[in-house]
Amino acid sequence: MPINSNRAQDVWKDVGEHVQFTVLQLNRQDQQHDREVFQEFADRSQAIIRSLRIRDAKPETGTQLKVSIGISSTAWDYLFPGAPKPKELETYTTLSGPKYTMPATPGDLFFHIRASNEAVVYECQTQFQRVLAPITTVLDETKGFRYFEGRAIIGFIDGTEAPAVEDAADYALVGDEDPQFINGSYAFAQKWQHDMPVWEHMHTEDQEKAVGREKFSDFELEDEDKFKNAHNVASKLEIDGVEQKIVRMNVPYSNPAAGNTGTYFIGYARHWTVTKGMLQNMVDQSDFLLTFSTLLSGQAFFIPSRDLFAQIADDDF
């Protein structure tokens with residue numbers, strides 16, 4: 001059975017102008033009731049998305065609303081006890097290297113909502129919460145935005161290493177290696193807080209060596225011109241000599257008055273082991289970005305296909 005990107009959630013499309021990431025914890029007070037509420041949510045969420053796309057549609061551009069909904073390993077076991085489980089879905093645990101760690105934090109359900117109109121993002125999240133609020137607690141809500149020219153908050157073009165849109169599905173979506181979960185995806189969400197004054201006091205040439213690319217043109221530097229722990233070196237993963245790729249849609253966020261500025265990293269992958277390998281490389285090689293950053297969260301989720309969501313809604317799963 002071939003991958004069909006039309007059956008997947010929005011795990012490889014545009015980053016969006018206005019973005020919201022939300023992580024929820026199940027209250028776990030009544031397992032049967034919680035499962036029934038989530039089944040209702042599986043049904044209503046798709047109707048909410050369809051409705052908002054109609055309401056938001058513009059004759060010249062159509063709709064810009066994109067949504068991904070994820071479930072953690074522990075939530076999967078709780079909501080679907082005894083049911084099949086994606087082969088690579090596991091609870092993310094803290095990764096450690098010689099100098100830095102990538103901490104694991106709690107989280108059962110995950111929303112990645114983006115649109116060109118912030119009101120649409122707000123309405124989508126609000127309607128989702130109308131269903132889920134009685135059985136969940138919000139652990140984190142992060143509002144992101146598109147920075148100039150689609151750059152990261154540190155000033156470099158973001159996503160250059162990600163596969164092109166036309167190639168993305170093969171890297172982002174589960175295939176016939178796990179046929180019951182085909183067209184799903186493994187998501188990893190990680191919130192970075194940057195010490196921006198430290199970064200901004202670096203000379204541009206040193207920033208380029210730290211990232212591995214020219215700041216203005218995005219042209220990749222020769223290996224000998226990069227720091228040994230440049231980001232695009234440390235985050236590179238090869239398996240049997242083949243460079244692995246995931247779909248990244250990183251988003252800047254900021255509360256500038258409070259000095260809280262950073263990057264919300266979101267990566268979607270066909271194989272969780274690929275994302276995990278990249279993260280481990282980053283701490284093993286002390287990725288330069290870690291030298292001026294604090295990692296605030298880290299969670300892994302599975303993003304079911306829309307067909308699987310329908311099965312969950314119908315209690316057929």
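Which helix supplies the largest share of the lining of the second largest pocket? In this predicted model, the answer is α1, which gives 4 residues. The helix α1 spans 31–56.

By class, the lining divides into 4 nonpolar, 4 polar and 5 charged residues.

The largest pocket holds about 410 Å³ of space. A set of 27 residues lines this pocket. Val15, Asp158, Gly159, Arg248 and Met249 lie nearest its centre. Three elements each supply at least two residues of the lining: the helix α4 (165–172) and the strands β10 (247–248) and β11 (251–255). Nonpolar residues number 16 in this lining. Another 7 are charged, and 4 are polar.

The largest cavity has a volume of about 460 Å³. Its lining is made up of 26 residues. Nearest the centre of the largest cavity lie Asp158, His231, Arg248, Asn250 and Leu289. Asp158 and Arg248 are also among the residues nearest the centre of the largest pocket.

The strands β7 (185–194) and β12 (260–269) each supply at least two residues of the lining. The helices α7 (231–234) and α8 (272–284) each do likewise. The most comes from α8, with 4 residues. The lining of the largest cavity has 13 nonpolar residues, 9 polar and 4 charged.

The second largest cavity has a volume of about 80 Å³. Its lining includes the charged residues Glu161, Lys236, Glu243, Lys245 and Arg248. Asn232, Ser235, Gln244 and Met278 also line this cavity. By class, the lining of the second largest cavity has 5 charged, 3 polar and 1 nonpolar.

Key: Residues numbered from 1 in each chain as written. Predicted model: local features only at pLDDT ≥ 70, side-chain atom pairs only at ≥ 80, totals over all residues. Heavy atoms only, no water. 1 Å grid on protein atoms, 1.4 Å probe; cavity = no way out; pocket = protein on both sides within 12 Å on 5 of 7 lines; lining within 4 Å. Points joined across faces, edges and corners; volume = space filled by probe spheres on them.
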